[in-house]
Amino acid sequence: MTQTVDPVTALREQLVAWRRHLHMHPEVGFHEHETAAYIEAELRKMPGLTVSRPTETSVLAVLRGGRPGRTVLLRADIDALPMEEENTFEYVSQNPGAMHACGHDGHTAILLGVARLLSADAANVSGEVRMIFQHAEEIGPGGAEELVMETALMEGVDVVTGLHLNSQLPVGLVAVKPGAFMAAPDTIHITIRGKGGHGAHPEETVDPIAVGAQVVTNLQHVVSRHVAALDALVVSVTSFHSGTTHNVIPDTATMMGTVRTFDAGLRERAPGMIERVIKGVCEAHGAGYEFRYEPGYRPVINTDWVAERLREIALETVGEGHYQDAKPTMGGEDFSAYLQKAPGAYFNVGSGSDEADSRWPHHHPRFTLDEASLETGVRMLRAAALRLSLPE
């Protein structure tokens, strides 16, 4: 009796090979030239796909199924982060100053796997499946915004989905959430203008470091005393630079930080609340200031019916024991740009395990994946493409 080989299991070695090649050759946003060329070459080996470059460093594969149905967009991001890797396995980054520290190498391998499986079964695919290998997720304004606003990618798309491997979830777990899932990640830039002088005579100066320290402390009150406890808001100052030596009080101090929100109204109010604190502290100490608020990606708000459909797919695909409802996160994602044009949902697949030493947080120099998560990702995205493309 001939035993049927599961097509995803049969693809295991290829998924790992794709992922490790990409991990060894990372490129940061808007510079993914070799990455895009590699993806395009792999896609052109698969029959039935129409392959193109919507932008210089993104790749689109289109499969027109043999049955009528809807148009589904599947998305994987392909860019790396500008950081040095500290792992020691044999496929570490070969590009100094660049590393796949967020799992995009895995996302790309997963979507390549889905493309191969769907292309081999095109007669049983409904509608049209578009697979976008997107550049520059990590760098604002983001590759998704460029694709949505400047190309025809979203024309005729009925539904969009994608996944993110998550090292903080057990390998193979799938997590889905309707509604608010990921926050809007905005950036603040602050310059405190004081009056420099000798470190031995602070009374003759307006110390921008001391004023800046008060600004940092008082900004925490925006969250704790100006916003309802159940409204999600993060204000973090993450960079503070001032001075050049031990005995000189400088003229200026510069700071950067991040502001995270889900609610559109709270996001609109945040710049005014933050600037009032900066202005009040500076006026109290005789300092001046400059403040700039830089909006980032929109929040990822999953469409309820798409998220519910993905939940059903997960329960059928991985089973109840490997599914959980996702928790919202204050992390940001430019997947939100696609949701401005079509209903959709973004979801997580766990990639963390002690065996693979893959529980390091994202954007850490030791970040890696348990590669068993690649198979789960393929199963989910393939099933999502087949199910979501069915005609209503």
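Colleague: Hi! Which residue in β15 does V176 stand opposite?
Modeller: In this predicted model, V176 stands opposite D325 of β15.

Colleague: And how do β6 and β15 run, parallel or antiparallel?
Modeller: They run parallel, and three bridges join β15 to β6, which covers residues 174-176.

Colleague: Nice. What is the strand order in the sheet they belong to?
Modeller: The order is β1-β2-β4-β3-β5-β16-β6-β15, an open sheet of eight strands with mixed pairing. At the edges sit β1 (49-52) and β15 (323-325), each pairing on one side only. From one strand to the next, the twist averages 25°.

Colleague: Which strands does helix α4 touch?
Modeller: Helix α4, residues 104-119, packs on the sheet and touches β1, β2, β3, β4 and β5. Its direction makes about 155° with that of β3.

Colleague: What about α8, which strands does that helix touch?
Modeller: Helix α8 (residues 304-317) also packs on the sheet, with contacts to β3, β5, β6, β15 and β16. The angle between its direction and that of β16 is about 35°.

Colleague: Switching to rings: how many aromatic pairs are there?
Modeller: There are four. One of them is F89 with Y91, a stacked pair with 4.1 Å centre to centre and 20° between the planes.

Colleague: Is Y91 buried or exposed?
Modeller: Buried, because its relative accessibility is 9% and the cut-off for buried is under 20%. F89 has a relative accessible area of 22%, so F89 counts as partly exposed.

Colleague: And which residues do ring pairs link into a cluster?
Modeller: That would be F335, Y338 and Y346.

Key
Residues numbered from 1 in each chain as written. Predicted model: local features only at pLDDT ≥ 70, side-chain atom pairs only at ≥ 80, totals over all residues. Heavy atoms only, no water. Pairing = 2+ DSSP bridges. Helix = DSSP H or I, 4+ residues; strand = E, 2+ residues; numbered from the N terminus. Axes fitted to C-alpha atoms, helices over the stretch in contact; angles between N-to-C directions. Contact = heavy atoms within 4.5 Å. Phe/Tyr/Trp six-rings, centres within 6.5 Å; stacked < 30°, edge-to-face > 60°. Buried < 20%, exposed > 50% of the residue type's maximum accessible area, 1.4 Å probe, protein only.
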